[in-house]
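Please look at the sequence and the model first, and then read on.

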Amino acid sequence: MATYHLSVKFGGKGKALAHANYITREDKFSQRKDLEHTEHGNMPEWAKDDPAHFWQAADAFERANGSTYREIEIALPRELNEAQRLELVRDFVKQETGGQHTYSFAIHNPQASIDGGEQPHAHIMMSQRVNDGIDRTPEQYFRRYNARYPERGGAKKDSGSLTLTQQKEQLRELRKRWEVKHN
């Protein structure tokens, strides 16, 4: 099988909805013809029918210097067919979100510029906020977490206060999990 690729990026305030539109090929990106599949999950009640509303709320209500999403971009093996790619991505998303993080993902399959073959890959956007089941308005969802009274604050972020060394180790572990899942 081909070698794997995984990269992680973070989006700041004001970038989430535009990026969600890009990966799902909505709005000004609808003319692109490489979209294979899109899916969303673990949305709060107020965004269940409109995932774009979640990313729009993240842009509006996340703190000024806060991260609105984490994106994992992965290359998918050419050897897999469309159904197999979808199964692989769904399985990886389920593993990484743990049913607690809001996500949107899209599988793209453009033509490779070098050899003209397929270039399947997936973009997985995840909120770093843990959906703890407390019913919150969009504005409250993105407020600072209140450890003493969780229902009064926003949803807790899983990023916490990790050191640079811990962040690097977390990325190594994520890449290892993708390598195992991919192969």
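Which element gives the largest share of the lining of the largest pocket? That element is α5, which supplies eight residues.

The model is predicted, so local features need pLDDT of at least 70 and side-chain atom pairs count only at pLDDT 80 or more, while totals for chains, interfaces and linings use all residues. Residues are numbered from 1 along each chain as its sequence is written, and side-chain values use heavy atoms, with hydrogens and water left out.

The chain has five helices and five strands, these being DSSP runs numbered from the N terminus (H or I over at least four residues for helices, E over at least two for strands). From the N terminus on, their order is β-α-β-α-β-α-β-β-α-α. With a radius of gyration of 17 Å, close to the 16 Å that the globule rule gives for 183 residues, the chain is as compact as a globular protein of that length; the radius is taken over C-alpha atoms, and the rule is 2.2 Å times the number of residues to the power 0.38.

| Pocket | Volume | Residues nearest the centre |
|---|---|---|
| Largest | About 660 Å³ | Phe 10, Arg 70, Gln 128, Gln 167, Gln 170 |

A pocket here is an open set of points on a 1 Å grid over the protein atoms alone, where a 1.4 Å probe fits, with protein on both sides within 12 Å along at least five of seven lines, and lining residues have an atom within 4 Å of a point. Grid points are joined across faces, edges and corners, and a volume is the space filled by probe spheres set on the points.

The largest pocket is lined by 23 residues, and the elements giving two or more of them are β1 (6–12), β3 (67–75), β5 (121–130) and α5 (164–182). By class, this lining divides into eight nonpolar, eight polar and seven charged residues, where Ala, Val, Leu, Ile, Met, Phe, Trp, Tyr, Cys and Pro count as nonpolar, Asp, Glu, Lys and Arg as charged, and the others, Gly among them, as polar.
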